[in-house]
Amino acid sequence: MFKRRLTAVLIVFCLWALIAAGKLVHTSVYDRGRLLDKSARQAWRESEIIPPRGKLLDSEGKVLAWTEIYFDLVHIGALETPQTRATLLNIVKKVFPNCMLSPVGSRRYLLKRGLSPDEIAQSESLIQTIPNLMIERRFERRYVDYPELRPLLGEVVVENDMMKGVSGLEKKYNEQLVGKPIKYIVMLDKFGNWVPGTWRPITSISQSVDYQTDLNLSELLRKSGAAPQSSNSKPTQAKP
Amino acid sequence: MTQQSAIISSPQPRDDLWSGQLYFFIAFFLGLWSCLTIYNATIFSVNPFHFTGRQALWLLVGFTVMWMCSQFPFKSVFRHIPTITALGFFLLILVLIFGTRVNGMKGWFTFGSIFIQPSEFCKIPFILSLCLVAKKTTSSGKRLLFMISTIFLWTLPLTIEPDFGTTCIYLLGGLIVLWLSGIRLTHLGLIVLAMGACGSLACFVGGHHYILERLKGFLNPERYQATSGWHIMQFQYTIAQGGLTGTEWDNSLWSNAYLPLAHSDSSFASLTESVGVFGAAPVIICFLIMGYTSWRNAIKTENETARLFVGSMTFMIIAQALVHISVNLALLPPTGITLPLVSYGGSSVVSTMAALGLIISASKRETPH
């Protein structure tokens with residue numbers, strides 16, 4: 001009797017294993033295409049990278065206008081109660097004791113401005129665990145320290161995360177300076193972070209093109225009606 | 001020389017030796033697959049060798065324990081069943097008082113960074129106690145009553161923890177022992193129905209509504225993909241990534257990015273992503289070979305208790321493996337059960353290997369001089 005009963009148990013488990021093996025093959029082979037499509041919709045995202053705006057140079061190659069890139073730690077999404085805001089701030093303060101929570105626009109909060117490379121590395125642990133916390137790139141346009149050249153060089157405004165020239169050389173050569181966005185595809189994990197090694201471009205990678213004037217700095221200054229000073233470029237705050 | 005026949009340990013018959021070595025080989029193969037699976041499932045973590053290294057250490061401990069248990073005469077183990085049972089049950093009660101709560105379940109003793117789960121080790125005394133009860137009671141009615149009471153006593157602390165996954169495995173093990181000890185099929189059917197009814201009542205009365213949510217997600221995972229069906233959908237996506245031959249060994253993207261508990265409760269799916277069907281199927285085959293080997297050993301063993309133990313213990317391990325695999329294949333709702341010898345977990349590895357060692361010991365034939 002024991003032998004018969006044990007044999008029955010063995011047969012039942014063999015059948016169970018056979019059903020499991022069949023389901024394994026079904027999922028891995030027959031249903032694979034549909035599941036891969038669904039999973040791709042869940043995980044893969046297409047977006048674009050906007051290259052930094054090209055430089056304005058004089059005829060001798062001296063930089064008249066350039067773009068600097070900064071990285072800020074921001075939270076995107078509503079923080080409805082003071083308690084939620086305080087909780088978030090307390091968690092981030094463990095990594096950045098001097099951070100503050102400043103609302104910037106609707107459903108956006110700035111926690112720390114201008115992260116250094118070390119701070120970007122330190123932020124990784126926060127970004128992987130706190131949903132909607134991310135590092136955002138910010139461009140700032142800088143100009144050579146000759147205020148009299150500014151009308152000639154022009155101004156930029158930021159529209160849809162891209163700088164657009166609205167006056168002067170910035171406007172005249174805007175298309176050349178702005179370049180083409182690079183379209184890419186990347187896999188996101190459950191926290192919305194990029195999965196390492198999955199980024200790849202869809203369009204060819206092209207950089208923005210610098211514009212070089214026909215005149216050198218002294219000639220440009222004479223043209224604008226000012227006397228040439230030191231040719232060392234000093235950074236000034238550009239208007240966003 | 002006396003006329004009394006003395007049972008002595010003779011040099012092992014050849015097929016005993018072979019089947020003992022087979023258990024070791026199966027444990028080695030599954031242990032190797034375990035290290036590779038855990039490494040792949042944690043490749044994006046800060047230190048992917050952390051869990052793999054610990055698992056390798058536990059496997060070393062496990063092999064030592066397995067060898068020691070295989071050398072221990074089963075008759076000695078049988079004599080000490082009451083002590084082993086009392087100790088095991090005491091640990092289950094103690095963990096309810098002094099244990100650490102992890103993910104809502106109070107089932108671990110912690111010693112620094114080491115977590116010991118007594119419910120894993122208590123599977124052996126659980127089966128042994130049922131075998132003892134089956135041996136000692138001659139009346140079939142009394143045997144049924146005492147065995148059901150024993151099952152109830154062992155599973156009560158587990159439901160209080162609450163660890164419903166392990167409770168189900170204990171119940172499956174109990175049903176296997178009941179069946180092998182000679183219970184009628186109708187009685188077995190009634191017991192299964194009663195267990196189902198008690199379980200459903202416990203869900204409603206105990207307020208464990210998450211179990212009902214899990215069932216809803218299991219029955220229609222695509223509809224509840226954002227909530228209770230999430231884990232099941234991730235199982236399917238992970239397995240689909242692997243296909244027939246798997247992705248590369250350090251490229252298990254889905255296991256790392258989306259699959260919850262890829263190194264423990266979801267290890268079969270994670271393994272399949274890495275090695276595909278061709279690599280995952282041998283795991284199922286290993287457990288079937290284990291079952292067949294124990295079947296052969298059990299029917300050859302003359303000692304009734306030993307053969308009952310060999311059959312019950314082996315198929316309880318295989319039941320746990322098949323439950324885990326079925327959960328990962330979305331054939332069963334998620335239960336939080338590990339895959340023996342493959343999933344990360346020192347308690348599970350060492351206790352399973354101890355059980356295999358005792359199975360080898362119980363399978364050894366004693367020949368009269």
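Reader: What radius of gyration does chain A have, and what would a compact globule of 240 residues have?
Author: In this predicted model, chain A has a radius of gyration of 28 Å. A compact globule of 240 residues would come out near 18 Å.

Reader: OK, and what box do its C-alpha atoms fill?
Author: Taken along the principal axes, the C-alpha atoms of chain A fill a box of roughly 110 × 45 × 30 Å.

Reader: What's chain A built from, in helices and strands?
Author: Chain A has eight helices and eleven strands.

Reader: And how much of chain A is buried?
Author: Buried residues are 38% of the 240 residues in chain A.

Reader: What about contacts in chain A, what share comes from residues 24 or more positions apart?
Author: Counting contacts with a separation of 6 or more, 65% of those in chain A are between residues 24 or more positions apart.

Reader: Switching topic: how do helix 1 of chain A and helix 11 of chain B pack?
Author: Their axes are 8 Å apart, at an angle of about 70°. Helix 1 of chain A, residues 2-30, is therefore roughly perpendicular to helix 11 of chain B.

Reader: Which residues make that contact?
Author: Helix 1 of chain A brings L24(A), T27(A) and S28(A), and helix 11 of chain B brings Q236(B), I239(B) and A240(B).

Reader: Buried or exposed, and why?
Author: H231(B) counts as buried, because its relative accessibility is 19% and the cut-off for buried is under 20%.

Reader: What does H231(B) touch?
Author: Leaving out residues up to four places away in sequence, H231(B) touches P260(B) and S266(B).

Reader: Last one: at what angle do helix 2 and helix 15 of chain B cross?
Author: Helix 2 (residues 49-71) and helix 15 (residues 346-363) of chain B cross at roughly 20°, and their axes come within 7 Å. So these two helices of chain B are roughly parallel to each other. Helix 2 of chain B passes helix 15 of chain B in a right-handed crossing.

Reader: Which residues are in that contact?
Author: From helix 2 of chain B they include W58(B), L59(B), F63(B) and M66(B), and from helix 15 of chain B they include V349(B), M353(B), L356(B) and I360(B). By class, the contact of helix 2 with helix 15 of chain B has 14 nonpolar, six polar and no charged residues.

Methods
Residues are numbered from 1 along each chain as its sequence is written. Chains are lettered from A and ligands numbered from 1 in the order in which they are written. This is a predicted model: local features need pLDDT of at least 70, side-chain atom pairs count only at pLDDT 80 or more; totals for chains, interfaces and linings use all residues. Side-chain values use heavy atoms; hydrogens and water are left out. Axes are lines fitted to C-alpha atoms, for helices over the stretch in contact, and angles run from 0 to 180 degrees between N-to-C directions. Helices (H or I, at least four residues) and strands (E, at least two) are DSSP runs, numbered from the N terminus. Angles under 35 degrees count as roughly parallel, over 145 as roughly antiparallel, 65 to 115 as roughly perpendicular and the rest as oblique. A crossing is left-handed if the near helix is turned anticlockwise from the far one by less than a right angle, and right-handed if clockwise. Contact means heavy atoms within 4.5 Å. Ala, Val, Leu, Ile, Met, Phe, Trp, Tyr, Cys and Pro count as nonpolar, Asp, Glu, Lys and Arg as charged, and the others, Gly among them, as polar. The radius of gyration is taken over C-alpha atoms; the globule rule is 2.2 Å times the number of residues to the power 0.38. Buried means under 20% relative accessible area, exposed over 50%, partly exposed in between (1.4 Å probe, protein chains only).
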